[in-house]
Amino acid sequence: MAKKKNILVFPCGSEIALEVYRSVKNSTHFNLIGASSVDDHGKFVFENYVGGLPFITAPEFIPAIKKVVADNAIDAIYPAMDAVIEILKKNENEIGCKVIASDVETTQICLSKTKTYKALGGTVKIPRILSAYKLLQVGDSAFPIFAKPDIGYGSRGAKKITSVEDLKAHMDQYPSCILSEFLPGKEYTVDCFTASDGELLFAAARERSRIMNGISVNTKPVKENAEEFEDFAKKINGAIKFRGAWFYQVKRNADGELTLLEVASRFGGSSSLFRAQGINFALMSLFDAFGIPVSILRNDYDVEMDRALDNKYKLSLKYGEVFVDFDDCVYLEKQFVNDALMAFLYRCINNGIKVTLLSRHDDEKLGKLDDLLGKLRIRQVFDRIIHLDPSQKKIDFIDNTDSIFIDDSFAERKAVADKFHIPVFSLDMVEAL
């Protein structure tokens with residue numbers, strides 16, 4: 001098997017970076033290394049992490065990133081923020097490795113809505129741009145309108161303006177914002193992929209059903225008018241030179257026409273909706289960048305994605321053995337295996353940590369423990385199975401203090417903690433492990 005290529009993801013705490021991680025972490029072709037200027041969530045996610053890089057606006061940023069590339073034998077950088085894409089792509093030759101993005105001209109066009117509208121004004125429908133001076137002259141009858149920054153993302157500075165007073169206040173805060181007609185229709189993101197030869201291989205719309213901080217946190221594919229969205233994508237792809245994943249956003253105007261909001265030369269953070277159907281934008285972009293042919297295989301089933309904050313933990317804890325209960329812990333009611341707990345136990349196995357089942361399971365009332373372990377196909381997970389009589393105490397069978405104890409019973413956990421002074425965990429705490 002060929003040696004894995006090292007991919008530096010920067011900044012590794014952004015939503016885009018986290019999707020790169022989810023998309024590529026199990027790849028047999030690529031090894032991920034995260035890097036950031038500020039320690040954030042990426043430090044908790046990427047197993048290989050480089051922190052403390054200068055900000056991209058600092059003169060020492062390029063020399064610093066060059067050193068990271070050299071020290072870690074980086075084959076490519078996957079930029080994970082719009083402004084970062086432009087900086088890295090512009091300095092690609094000096095940095096000394098591939099930058100996974102479209103060319104410099106495309107990244108600069110997509111970074112600015114003014115440049116985007118200029119490039120595509122005769123190709124697709126763009127919003128009507130309004131003059132602040134004229135709006136102030138006309139008065140409140142000219143509203144509502146929409147204001148947004150020329151360069152920006154995440155809905156920062158984007159707002160529906162409903163009056164002259166509202167406009168003045170917004171212009172004081174964002175003097176260089178773009179003012180445009182208000183588009184009353186639904187908002188869509190169309191996720192696209194263009195191969196190295198310029199062919200548009202994929203374009204599919206998803207509705208931005210619920211948005212938080214500019215991120216689509218509930219989204220589902222749009223089945224209706226698929227050809228309309230694809231035709232819009234082909235027109236953009238014909239006017240701007242893309243490579244790899246990219247997306248555009250549109251809303252319908254008062255006449256029901258698709259009208260462009262913006263274009264980005266990267267994949268969307270919620271494009272993982274389509275990854276659930278087989279379209280892995282991050283991995284396809286990496287394959288394409290290294291000359292590996294890419295084709296599309298999309299599963300035909302309905303999918304809806306809803307996003308929420310996720311938790312990652314780092315504990316200052318080392319142990320060589322896990323003692324874990326069976327009933328209402330490994331084995332839940334309705335004869336279910338606790339898959340979240342089992343995932344943790346398999347991580348222990350991967351790390352050479354001993355796993356001991358410690359249970360007072362009542363064979364007469366609940367069925368024989370050994371039979372249940374066989375039926376559930378989990379007997380081999382455990383290095384030891386200590387089956388106590390109902391009258392026996394678990395604390396009398398813990399023979400290794402280099403360990404942790406997992407049990408649903410508070411009384412059991414307290415007894416173990418008081419006697420052995422080892423960490424004890426309830427089921428809700430397992431995610432921290």
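Contact here means heavy atoms within 4.5 Å. The exercises below concern a predicted model, in which local features need pLDDT of at least 70, side-chain atom pairs count only at pLDDT 80 or more, and totals for chains, interfaces and linings use all residues. Residues are numbered from 1 along each chain as its sequence is written, and side-chain values use heavy atoms, with hydrogens and water left out.

**Exercise 1. The chain as a whole**

Describe the protein chain by its contacts, secondary structure, extent, burial and charges.

Solution. Begin with the contacts between residues at least 6 apart in sequence: 62% of them join residues at least 24 apart. The secondary structure comes to 16 helices and 21 strands, where helices (H or I, at least four residues) and strands (E, at least two) are DSSP runs numbered from the N terminus. Next, the C-alpha trace spans about 85 × 50 × 45 Å along its principal axes. Of the 433 residues, 50% count as buried; buried means under 20% relative accessible area, exposed over 50%, and partly exposed in between, with a 1.4 Å probe and protein chains only. The accessible surface of the chain comes to about 22000 Å², and carbon and sulfur atoms account for 49% of it; such areas come from the Shrake-Rupley method with a 1.4 Å probe, and for residues only the protein chains shown count as cover. Finally, the mean positions of the 56 positive and 61 negative charges lie 4 Å apart. In that count Lys and Arg are positive and Asp and Glu negative, while His and the chain ends are not counted, and each charge is placed at NZ of Lys, CZ of Arg, CG of Asp or CD of Glu.

**Exercise 2. Two packed helices**

Characterise the packing of helix 6 and helix 7, and then locate T116 within it.

Solution. Two packed helices are described by the angle between their axes and the distance between the axes. For helix 6 (residues 104-111) and helix 7 (residues 113-120), the angle is about 110° and the axes are 5 Å apart. The angle makes helix 6 roughly perpendicular to helix 7, a class that covers 65 to 115 degrees, whereas angles under 35 degrees count as roughly parallel, over 145 as roughly antiparallel and the rest as oblique. Here axes are lines fitted to C-alpha atoms, for helices over the stretch in contact, and angles run from 0 to 180 degrees between N-to-C directions. Helix 6 contributes Q108, I109, C110 and L111 to the contact, and helix 7 contributes K113, K115, T116 and A119. T116 is buried, with a relative accessible area of 2%, and, leaving aside residues up to four places away in sequence, T116 touches I109, C110, L260 and V263.

**Exercise 3. An enclosed helix**

Determine how many residues of helix 12 are buried, and state what follows the helix.

Solution. In helix 12 (residues 281-289), 9 of the 9 residues are buried, so the helix is largely enclosed by the rest of the structure. Among them are F281, M284, F287 and D288. Helix 12 is followed by G291, whose phi is positive, near 75°.

**Exercise 4. Backbone exceptions**

Solution. Most residues other than glycine have a negative phi, and most peptide bonds are trans.
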